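The structure is shown first, and the account of its contacts follows.

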Amino acid sequence: VCTMTKTAYTQIQEGVPVDQLGGNSNAMAIRYASAFAYYNTEEELVDAARKTMFTHRERTAHLGNDFFARVAHRIIHDNQRQQLTPTQAIKEVAKESDAWIQNKVKQALDKV
């Protein structure tokens with residue numbers, strides 16, 4: 001069990017409200033793989049992905065979580081219509097994302 005899960009569990013035992021749970025780690029785990037098959041829209045998926053991140057409060061962890069959810073959703077669901085490649089999905093989502101994500105995507109793309 002990760003440190004942030006332990007932190008959230010302790011907070012639950014202490015009565016911390018759900019919207020205030022979590023710790024300040026920027027580590028990210030994907031806990032919503034099945035959601036890609038269940039939710040039809042990107043916004044529904046991102047909402048579910050955010051709810052699985054209740055163990056984290058750190059901003060960049062949430063930014064990365066949203067980014068991954070959007071990219072994967074577009075690859076899985078939009079690919080049937082647009083023939084979207086993973087790189088195209090990454091660039092598309094990055095344009096709509098926070099500057100921190102845009103910078104990280106640029107850093108990654110500059111390396112390939």
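Valine 71 touches Ala89, Ile90 and Val93, residues up to four places away in sequence not being counted; contact here means heavy atoms within 4.5 Å. The model is predicted, so local features need pLDDT of at least 70 and side-chain atom pairs count only at pLDDT 80 or more, while totals for chains, interfaces and linings use all residues. Residues are numbered from 1 along each chain as its sequence is written, and side-chain values use heavy atoms, with hydrogens and water left out.

**Nonpolar cores**

Val71 belongs to the largest nonpolar core, which has nine residues: Leu63, Phe67, Val71, Leu84, Ala89, Val93, Ala94, Ile101 and Val105. Two or more residues of this core come from each of α4 (59-82), α5 (86-95) and α6 (99-110). Helices are DSSP runs (H or I, at least four residues), numbered from the N terminus. A nonpolar core is a set of buried Ala, Val, Leu, Ile, Met, Phe, Trp, Tyr and Cys residues joined through side-chain atoms within 4.5 Å. Buried denotes under 20% relative accessible area, exposed over 50%, and partly exposed the range in between (1.4 Å probe, protein chains only). A second, separate core of eight residues includes Tyr32, Val46, Ala49 and Ala72.

**Threonine 52**

Threonine 52 is placed in helix α3 (residues 42-52). Its relative accessible area is 19%, so threonine 52 is buried. Arg31 and Tyr32 are touched by threonine 52, again not counting residues up to four places away in sequence.

**Salt bridges**

A salt bridge requires a side-chain nitrogen of Lys or Arg within 4 Å of a carboxyl oxygen of Asp or Glu. By this rule the count is nine. Three of the pairs are tabulated.

| Glutamate 42 | Arginine 70 | 2.7 Å |

Glutamate 42 is buried at 12% relative accessibility, and arginine 70 is buried at 15%. Both residues belong to a network of salt bridges that links Glu42, Glu43, Arg70, Arg74, Glu92 and Glu96.

Aspartate 47 and lysine 51 both lie in helix α3, four residues apart, about one turn of the helix. Aspartate 47 is partly exposed at 37%, whereas lysine 51 is exposed at 55%.
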